[in-house]
Amino acid sequence: MSLLRRLLGDRTPPDFPGSLDPGEDVVDSAPVEGGGHLVVTALGLWIPAEDGARRVGWHLVAKATWADGVFTLTESSEVGKAGAAVVLADLPPVRFRLPAPGKLPREAYQRVEGSIRSRHRQQIGAGGAWFVQRKVPGRDGTVLQVRPDPGTDVALVEAIAEQAAAKLVNPAE
């Protein structure tokens, strides 16, 4: 990256292999021990991947923590639909050691929290589920996401989520 681009505000790390969308500016980045960078943009968190880098949208970050020089990311996967609601399952956490984190942990936390419009924990039988309304980066409106606990009756959670999503769209019903 040229010094001129850096002076003009381009925070893209040198040799970043990701393909940013038009207007997707880098807010902050931090080198990852072992190679690659974590990169924060308005649309998501770019993480090192086998083929270079991939973006995790803020609405799919279930949890991001920072402790003892390690940034831990728990990503959610969309595993189904329940009417207008999306059913999620968490992937195993991935840890990134950041020798020079700068403001990246704070920037990531603010964007994850900023994507959440509301959240509600519901006990369902011996388990439960999280119901979260989130803003999807780059789109208008919100989406209702539901994350059942392991062992919770998924069909029941989906039925509840479908009804809740319908009421959010048509509150008079």
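A residue counts as buried here when its relative accessible area is under 20%, as exposed when that figure is over 50%, and as partly exposed in between, using a 1.4 Å probe and protein chains only. Keep that scale handy for strand β2 (residues 37-41): four of its five residues are buried, so the strand is largely enclosed by the rest of the structure.

A word on what you're looking at. This is a predicted model, where local features need pLDDT of at least 70, side-chain atom pairs count only at pLDDT 80 or more, and totals for chains, interfaces and linings use all residues. Residues are numbered from 1 along each chain as its sequence is written, and side-chain values use heavy atoms, with hydrogens and water left out.

Now for the overall layout. The protein has three helices and 11 strands, where helices (H or I, at least four residues) and strands (E, at least two) are DSSP runs, numbered from the N terminus. Reading from that end, the order is α-β-β-β-β-β-β-β-β-α-β-β-β-α. Along the principal axes, the C-alpha atoms fill a box of roughly 60 × 35 × 25 Å. Of the 173 residues, 39% are buried. If you take contacts (heavy atoms within 4.5 Å), residues 24 or more positions apart make up 40% of those with a separation of 6 or more. The accessible surface, from the Shrake-Rupley method with a 1.4 Å probe, comes to about 9,800 Å², and 52% of that belongs to carbon and sulfur atoms.

Back to β2, since both of its chain neighbours pair with it. Two strands pair if DSSP finds at least two bridges between them. β1 and β2 run antiparallel and are joined by five bridges, with V26 standing opposite T41 in β2. The two strands form a hairpin with five residues between them, and G34 in the turn has a positive phi of about 100°.

Next, the charges. Counting Lys and Arg as positive and Asp and Glu as negative, without His or the chain ends, there are 20 positive and 21 negative side chains, and the centres of the two sets lie 5 Å apart. Each charge is placed at NZ of Lys, CZ of Arg, CG of Asp or CD of Glu.

How many salt bridges does the structure hold? There are eight, a salt bridge being a side-chain nitrogen of Lys or Arg within 4 Å of a carboxyl oxygen of Asp or Glu. One of them joins D21 to R55, with the closest N and O atoms 3.6 Å apart. This pair links distant parts of the chain, 34 residues apart: D21 sits in the loop between α1 (3-7) and β1 (26-31), R55 in strand β4 (residues 52-57). D21 is partly exposed at 35%, and so is R55 at 30%.

Another bridge pairs E75 with R54, at 2.6 Å between the closest N and O atoms. Again distant parts of the chain are linked, with E75 in strand β6 (residues 70-82) and R54 in β4, 21 residues apart. E75 is buried at 13% relative accessible area, whereas R54 is partly exposed at 34%.

Finally, R111 bridges to E107, the closest N and O atoms being 2.7 Å apart. Both lie in helix α2 (residues 104-115), and because they are four residues apart, about one helical turn separates them. R111 is partly exposed at 24%, while E107 is buried at 13%.
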